[in-house]
Amino acid sequence: MLPYNKKFKLRARELRRNATPQENKLWYEFLRKHPCPFTRQKIVDNYIVDFLCTSKKLVIEIDGSQHFTDDGLEYDRIRTDLFESLGLHVMRFTNTQIDTSFDEVCVIIQNYTDSHNQ
């Protein structure tokens, strides 16, 4: 069982309702009906991840430009370290990758889920 901070419940719901176009594309065109069940805007400890597949222990994050500042990179490193300490694998894709290389992103995710039978 992953740690869960219920104080983020309303924020997670808000993020689901106001997802970015790239998050919506990945969700509605690939992850929503994926054979491995994914959830979106899932609370893990004191963070909200974009997508989580608990059966494969996989976190998928879609990063916009704010993630590439010094502060953003450090924040993401701290998050990734925590997720990995919980036994999760983190995949990060940029908004640009979703916009321009969507099929390749889907293949990367599919290859991971196919090769990690838990």
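The largest pocket has a volume of about 390 Å³. A pocket here is an open set of points on a 1 Å grid over the protein atoms alone, where a 1.4 Å probe fits, with protein on both sides within 12 Å along at least five of seven lines. Its volume is the space filled by probe spheres set on the points. The model is predicted: local features need pLDDT of at least 70 and side-chain atom pairs pLDDT 80 or more, while totals for chains, interfaces and linings use all residues. Residues are numbered from 1 along each chain, and side-chain values use heavy atoms, without hydrogens and water.

The largest pocket is lined by 21 residues, each with an atom within 4 Å of a point. Leu 15, Glu 23, Gln 41, Ile 48 and Asp 50 lie nearest its centre. The lining comprises 7 nonpolar, 8 polar and 6 charged residues. Asp, Glu, Lys and Arg count as charged, and Gly is among the polar residues. At least two lining residues come from each of α1 (9–17), β2, β3 and α3 (70–85). Helices (H or I, at least four residues) and strands (E, at least two) are DSSP runs.

Lys 56 sits in the loop between β2 (47–53) and β3 (58–63). Lys 56 is buried (under 20% relative accessible area, 1.4 Å probe, protein chains only). It has no salt bridge (side-chain nitrogen of Lys or Arg within 4 Å of a carboxyl oxygen of Asp or Glu). The nearest side chain of opposite charge, Asp 114, is 6.8 Å away. The Lys 56 side chain instead reaches the backbone oxygen of Thr 113 at 3.1 Å.

Val 105 belongs to helix α5 (residues 102–115). Its relative accessible area is 2%, so Val 105 is buried.

Notes
Buried means under 20% relative accessible area, exposed over 50%, partly exposed in between (1.4 Å probe, protein chains only). Lys and Arg count as positive and Asp and Glu as negative; His and the chain ends are not counted. A polar contact is a pair of N or O atoms within 3.5 Å; within protein, one must be able to donate a hydrogen and the other to accept it, and residues adjacent in sequence count only if both atoms are side-chain atoms.
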